[in-house]
Amino acid sequence: MSEEIRLDFQRPERVGFDEAILCARKSDAQLVTIMDRVLEQGESCLMTRLEPEVFDRFPAHHRARVDYDAVSRMGYFNWSRPRTTGPAQIAVVSAGSSDMPQAAEVIRTLTYFGAATRQFIDIGVAGLWRLLGNVEELQKFPVIVAIAGMDGALPSVLGGLVPGVMICLPTSTGYGVSHSGQTALNAALASCAPGLTVVNIDNGYGAACAAYRALNMIRQAAGLAQGC
């Protein structure tokens with residue numbers, strides 16, 4: 001079993017955040033070994049795609065160390081809440097309440113990293129007034145994660161209204177020709193709003209990491225400017 005597990009504890013030094021553990025398709029024994037290794041190093045880890053029934057099978061001493069959320073299917077293992085600095089600079093905008101699991105994955109990831117977020121729920125383009133009523137506030141955020149399924153129209157509309165870094169998260173929300181998120185993905189990739197970044201379908205973790213990378217560089221640039 002030991003040869004199967006090679007954790008990357010040096011990742012924070014290279015990219016600014018630690019390795020996440022994708023729990024899907026890992027055996028219970030592999031996950032227990034990973035948690036044992038994390039404890040041996042005195043570290044914490046973010047566990048993604050952690051299904052409730054898998055979490056329930058964890059040994060009691062490991063389960064007690066997991067802050068688990070079933071909506072996002074994420075667990076914080078051996079984690080202490082980091083100190084956040086200043087107001088939220090990342091907006092998490094979802095088109096509909098059906099996109100809540102993906103939005104929760106984004107928010108939970110950023111919370112683990114210590115980045116404050118502000119959530120805007122159910123402001124899709126089917127009721128455009130809901131989006132327009134929040135535009136002035138959204139224009140203040142340097143980084144925005146836009147989450148949408150169905151026709152995936154939200155990122156294009158929002159991308160033409162706000163100046164911040166825009167990360168599009170297409171979701172599998174929808175049916176029929178929505179094709180499990182393919183339509184939303186293609187809409188984001190084909191958007192005529194310039195400068196949008198697109199991640200994979202339902203990849204809330206990846207969208208959060210992109211947002212965090214952008215925010216880190218924005219903060220670094222601001223610090224350099226202040227030092228001039």
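Mentor: Since the model is predicted, local features need pLDDT of at least 70, side-chain atom pairs count only at pLDDT 80 or more, and totals for chains, interfaces and linings use all residues. Residues are numbered from 1 along each chain as its sequence is written, and side-chain values use heavy atoms, with hydrogens and water left out.

Trainee: Which residues touch the most other members of the largest nonpolar core?

Mentor: A nonpolar core is a set of buried Ala, Val, Leu, Ile, Met, Phe, Trp, Tyr and Cys residues joined through side-chain atoms within 4.5 Å. Here the largest one has 29 residues, and Ile 90, Val 106 and Val 145 touch the most other members. H10 supplies the largest share, eight residues.

Trainee: Is Thr 48 buried or exposed?

Mentor: Buried means under 20% relative accessible area, exposed over 50%, partly exposed in between (1.4 Å probe, protein chains only). Thr 48 has 6% relative accessibility, so it counts as buried. This residue sits in strand E2 (residues 45-48).

Trainee: What does Thr 48 touch?

Mentor: Contact means heavy atoms within 4.5 Å. Leaving out residues up to four places away in sequence, the contacts of Thr 48 include Leu 22, Met 74, Glu 105 and Tyr 205.

Trainee: And how exposed is Leu 128?

Mentor: Leu 128, in helix H6 (residues 128-132), is partly exposed, at 37% relative accessible area.

Key
Helices (H or I, at least four residues) and strands (E, at least two) are DSSP runs, numbered from the N terminus.
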